[in-house]
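Good morning, colleagues. Please look at the sequence and the model as they come up, and I shall then go through selected features in turn.

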Amino acid sequence: MVSRIGNNPKHIVALAFPFGTHASPLLGLIRSLSTEIPDATFSFFSTVQSNRNLFSESDDRITPYDVADGLPENYVPSDNPVVVIDLFLDIVPGNFKKAMNMAVQETGRPITCIISDAFYWFGADIAKELNVPWLPLWTAGPRSLLLHVETDLLRQTLGINGPEDKTIDVLPGFSTVRTRDLPEGLVSGPLESKLSLMLHKMGLALPSATAVIANSSEELDPTVVNAFESRFQKFLNVGPFLLTLSSSPASDPHGCLDWLDKQERKTVVYISFGSVIMPPPHEMAELAGVLETSGFPFLWSLRGNPEEKLPSGFLGRTKEKGKIVSWAPQREVLQHEATGAFVTHAGWNSILESIIGCVPMISRPFFGDQRLNTRTIETVWQIGVGIEGGMVNKDRTIEALKLVLLTEEGEKMRSKLSYLKKLATDAVKSNGSSAKNFKDLVQICNDKM
Ligand SMILES: O=c1ccn([C@@H]2O[C@H](COP(=O)(O)OP(=O)(O)O[C@H]3O[C@H](CO)[C@@H](O)[C@H](O)[C@H]3O)[C@@H](O)[C@H]2O)c(=O)[nH]1
């Protein structure tokens, strides 16, 4: 791919975290910026695999650069996604620095601005060295970000491995959140894992950023967003990205939307656990039991071979009621009028898509921000429920589905979702908060040095 070097001496670089749903929103943001600052040079850094997934040959505004991924030559893939992340973290930031030097040489342009995944605490040091702005992007919600910024305070006030039911009274807007809803590695669990150490360092580094960017809008969680006023130099909520960033039209090779067209309004249960998680076999079997016994029509996005992952005979017995695909056009599925409930792991993008689709959630969280997100859905926004006991269990999940699909309670959730959707859509209008924040961001990137 040929570098595109314009007249503007700006060289804006983006450092992506190449796992989960991280690199793609960063690239979306960079594409939007490249439209606003068309004559600047944009370089995007990620691993070979990630760049291959993200870039089509026709992308002419942004130049991808590959960084080393840290995998040994004879690496045998593991089912545990943390293994590859740890190997990658072992070689940052050296791999990024090397590729950035190459980009500077190739373009002949010194770097003028660094936009990185917020995980990359080292962005602060590199930006300081180069005397350029550092703009970290937090791809999840503001609430989980506040926890990482206040990790030391939480460790002091809650203690390490303290009582699980203690509520978080030291942070605004967290009175219904309990210790057990916090991400693992914060006040319990693997405090010294590479991911936990990275998040801790991130929380300490972010206050020095020129501005922290987030995929949300100020109005969705105002108490929490306001808490950043005294913590960050600038906090720019420029989302939800699904409304603000352009995306290519959804591909639907399995015909999910046609299938939904044939279903009745608000009856279908959509199931997806995002791009990283696969529930353990016993929970897959419970979930299959839920769908078979309850008889609700369902669309299930399930990676891998369903014959192997689901109980024997399930596919045949439910073929009139359900559709199982390896990947669904989720945004569109959640905006389809037939979709009535979303069984989810409560990843941040899924939540935003559910809000825009006005579909109540039934959540089975696994790691990171997902327990906190579940608690927020349930007690702050009241737009869904967590499965009692925190795992898929047949009776409790059927109960949750009936609540959402068949009762007045479900209707109330839908009207709260409509309210949040309005806040989000207003924020992205030309005079809305996200649109204004995006203008601020463009200004910082394009500032005369
Ligand atoms: O069949 C599918 C399944 C998923 N998706 C999309 O994949 C994305 C999934 O994103 P998200 O819900 O955020 O889940 P993860 O991919 O698991 O995201 C990781 O990153 C998020 C943002 O940092 C965190 O909130 C999560 O906990 C973390 O697991 C969404 O945009 C979905 O629309 C599809 O389009 N089709």
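In the second largest pocket, helix α17, residues 370–380, gives the most to the lining, with four residues. Before I continue, please note that this is a predicted model: local features need pLDDT of at least 70, side-chain atom pairs count only at pLDDT 80 or more, and totals for chains, interfaces and linings use all residues. Residues are numbered from 1 along each chain as its sequence is written, and side-chain values use heavy atoms, with hydrogens and water left out. Helices (H or I, at least four residues) and strands (E, at least two) are DSSP runs, numbered from the N terminus.

The lining of that second largest pocket comprises 16 residues, and R178, R180, D181, P365 and G390 lie nearest its centre. A pocket, on a 1 Å grid over the protein atoms alone, is an open set of points with protein on both sides within 12 Å along at least five of seven lines; a cavity is a set of points where a 1.4 Å probe fits but cannot get out; and lining residues have an atom within 4 Å of a point. The volume of the second largest pocket is about 320 Å³; grid points are joined across faces, edges and corners, and a volume is the space filled by probe spheres set on the points. Its lining has three nonpolar, five polar and eight charged residues. Here Ala, Val, Leu, Ile, Met, Phe, Trp, Tyr, Cys and Pro count as nonpolar, Asp, Glu, Lys and Arg as charged, and the others, Gly among them, as polar.

I turn to the cavities. How many cavities of 30 Å³ or more does a search of the whole structure find? The search finds three. The largest cavity has a volume of about 90 Å³. Of the 13 residues that line the largest cavity, F273, I277, S301, L302 and R303 lie nearest its centre. That lining divides into eight nonpolar residues, four polar and one charged.

Next, helix packing. Two packed helices are described by the angle between their axes and the distance between the axes. Axes are lines fitted to C-alpha atoms, for helices over the stretch in contact, and angles run from 0 to 180 degrees between N-to-C directions.

Helix α18 (residues 394–406) packs against helix α19 (residues 408–427) at about 65 degrees, with the axes 5 Å apart. That angle makes α18 roughly perpendicular to α19; angles under 35 degrees count as roughly parallel, over 145 as roughly antiparallel, 65 to 115 as roughly perpendicular and the rest as oblique. The crossing of α18 and α19 is right-handed, a crossing being left-handed if the near helix is turned anticlockwise from the far one by less than a right angle, and right-handed if clockwise. L403, V404, L405 and L406 of α18 make the contact with E408, E409, G410, M413 and R414 of α19, where contact means heavy atoms within 4.5 Å. By class, this contact of α18 with α19 has five nonpolar, one polar and three charged residues.

Helix α19 also packs with helix α16 (residues 348–357), at an angle of about 105 degrees and with axes 7 Å apart. The two helices, α16 and α19, are therefore roughly perpendicular to each other. S354, I355 and I356 of α16 and L417, L420, K421 and A424 of α19 make the contact.

Helix α18, in turn, meets helix α12 (residues 281–294): their axes come within 9 Å and cross at roughly 50 degrees. That makes α12 oblique to α18. The crossing of α12 and α18 is right-handed.

I close with the backbone. The peptide bond from V92 to P93 is cis, with omega near -5 degrees, and P93 lies in the loop between α3 (81–90) and α4 (94–107). Finally, A346, although not a glycine, has a positive phi of about 65 degrees.
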